[in-house]
Amino acid sequence: MVALRCQSLVGAGGRALFSLSRTRALRPSPLQTSCQCLQLHLFPRRSRFVAFCCETSVIAPVQPRKIFMENSIHISTLEEKIFDTLKAVLIHFELKTQLRVAGGWVRDKLLGKESHDIDIALEDMHGKSFCERVNEYLMSINEETKHYCVIQSNPDQSKHLETARMKVFGVEIDFVNLRAENYAEESRIPTMKFGSAKEDAYRRDLTINSLFYNINTGLIEDFTGRGLSDLRNGVIATPLPPKTTFLDDPLRVLRAIRFAARFNYKIQEELKVAAMDVDVGTALEKKVSPERVGVEIDLMMTGADPVRAIQELIDVNIFWIILRLPQELEDEITDSVKRSCLGALIAMMKVLAVFGPDKLTTDQRRLALYSALFLPFKSFKVTEKKRQVPLTHSLIKHSLKLKTHDALMVTQIHEAADEFNHIWKVLFDEENGNINNSNQGARDWELTSRSEKMIRAGFWMGNIKELWRVALVLHALLDVITCTDLGDTEVKQRAGKCLAAEAAIMELGLEDIWNVKPLLDGKKIMSALGLEKGIPGMKEWQNHVRKWQLCHMTATAEECYEWLKDEYQHKRQRLN
């Protein structure tokens, strides 16, 4: 079988001169053969031709599905301006370097999506050297030079190559050399050297990320022979055999799943088998840092289909490897509890869709999904530094290495969801009189049903703040461990409960109560009490002022001050 390469030369008047040449022969195989057809397409601007530069390859059978894909890359006016400037640098210094836009930009452009993530791979130069040449060229034509920075390689953070970053016409561009990689047996950090474009393409994680756009020639280059077909057919596959790819860098298992969920692509069966391999699981556990795992999981949870992503991780037996559940809880965390994690996530997605996903910010939605995913772990504690902490907090902070703030917020959402059980009963008059019974010295303003609602709900809102809607929805899912498969009717009922509670809170005017400034600060409170310094019961008086303010939302600071003076005198008289 002969693989053909098309080379395109653009002549005067936009005429394309091209030639075909044999590049190599492949041995026949009983497996399905995928051969990219030679295609020549007219660019919409400047009558420029683009040819797909392909090689044949042999791949395992898959069940493809057709995806909308552009026949050519549309280069915007700004991108053309950038590329023309970079080509002018080559001409000025008589450089033979090939400039290629790599990976994601090519993929997204072919899918008809805009992309500003331009990474340029250099054939025989380091990024820093090329940026210096860009500035020398700009000086020669009396243009302002551009600042650039060099991002050093950092193997511990999966940054294997030095990258130069420069803004060209306001667009941030990364310049890096093409590379070939060799991996040590016990490390996912490769040794790097200059490589060819083909070597660089094969060392990438997925075929759909292995495409290049050659700025010099205007060609889309598919050196693996599979990038275009897999992109068109919606297939997630690796350029090299998947087990080899995953053992070289086990993080690529997570990336494969993330891209499958992002684009709703089918994962090649051979890739799934390799992901389930014991050696790959061991390599993932030993060679990949929790920080890198956390980045990938976070991208999944904020992506197009977090449920699909988590489902795939569970299906290939990876989720519990990367989550690193503590050994001390192995007997308590049963398989049914683990299965409930996915069920809770699905339930959260369904209820949010009815409740109104637009009511949450992007980060609030992200925390909502994490709070649901870890909901079955809510009651579990783990020992850290001789003290008990919520298991959820430990998993987010240590297994995924997300921000401590994320761990605190998800834990707080769990606690607030539990507490809302009592708030619900007060809001809908199912539980009255608790404040009255617990505070026998309460004044008249505390004894009405509305006051009790204002105080209970107001304190709850003040603690959970802007995440109150997240906690409210999670409250509707607290029994999800025993009820994971919610039908449409059940989803509507639970979402309806959330909407009713939201309406009740908003009717009370509490939707942003945490932003309301207290009428009296500590000094004013001490002044009203006739004190020069704080007393052990100061916190109680501050809470008492908060209660009064919640029940007198239109009152002034002066009115609150006079009330507090009278309240203090009233209390002293009772004690005497």
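**A look at the second largest pocket**

Author: Happy to. The second largest pocket holds about 330 Å³ of space, and keep in mind that this is a predicted model. Its lining is made up of 16 residues. If you want to find the middle on your screen, go to I513, V516, P518, R546 and Q549, which lie nearest the centre of the second largest pocket.

Which elements give two or more residues to that lining? They are α18 (449–464), α21 (522–528) and α22 (538–551). Of the lining, α22 supplies the largest share, with five residues.

Now for a helix pair elsewhere in the chain. In general, you describe two packed helices by the angle between their axes and how far apart those axes are. Here, α13 (residues 335–355) packs with α14 (residues 362–373) at about 145°, and the axes are 7 Å apart. The crossing of these two helices, α13 and α14, is right-handed. On the α13 side you'll see C341, A344, L345, M348, M349 and L352, and they meet R365, A368, L369, S371, A372 and L373 of α14. By class, that contact comes out at ten nonpolar residues, one polar and one charged.

So much for the parts; on to confidence. Mean pLDDT for the protein chain is 83, with 80% of residues at 70 or more. Among the elements, strand β16 (residues 235–236) has the highest mean, 98, while strand β4 (residues 40–42) has the lowest, 33. Over residues 1–64 pLDDT stays under 50, and the model has 145 contacts beyond four places in sequence for that stretch. Residues 154–160 also stay under 50, with 16 such contacts in the model.

Definitions and conventions:
Residues numbered from 1 in each chain as written. Predicted model: local features only at pLDDT ≥ 70, side-chain atom pairs only at ≥ 80, totals over all residues. Heavy atoms only, no water. 1 Å grid on protein atoms, 1.4 Å probe; cavity = no way out; pocket = protein on both sides within 12 Å on 5 of 7 lines; lining within 4 Å. Points joined across faces, edges and corners; volume = space filled by probe spheres on them. Helix = DSSP H or I, 4+ residues; strand = E, 2+ residues; numbered from the N terminus. Axes fitted to C-alpha atoms, helices over the stretch in contact; angles between N-to-C directions. Left-handed = near helix turned anticlockwise from the far one by under 90°. Contact = heavy atoms within 4.5 Å. Nonpolar A, V, L, I, M, F, W, Y, C, P; charged D, E, K, R; others polar. pLDDT = per-residue confidence, 0-100.
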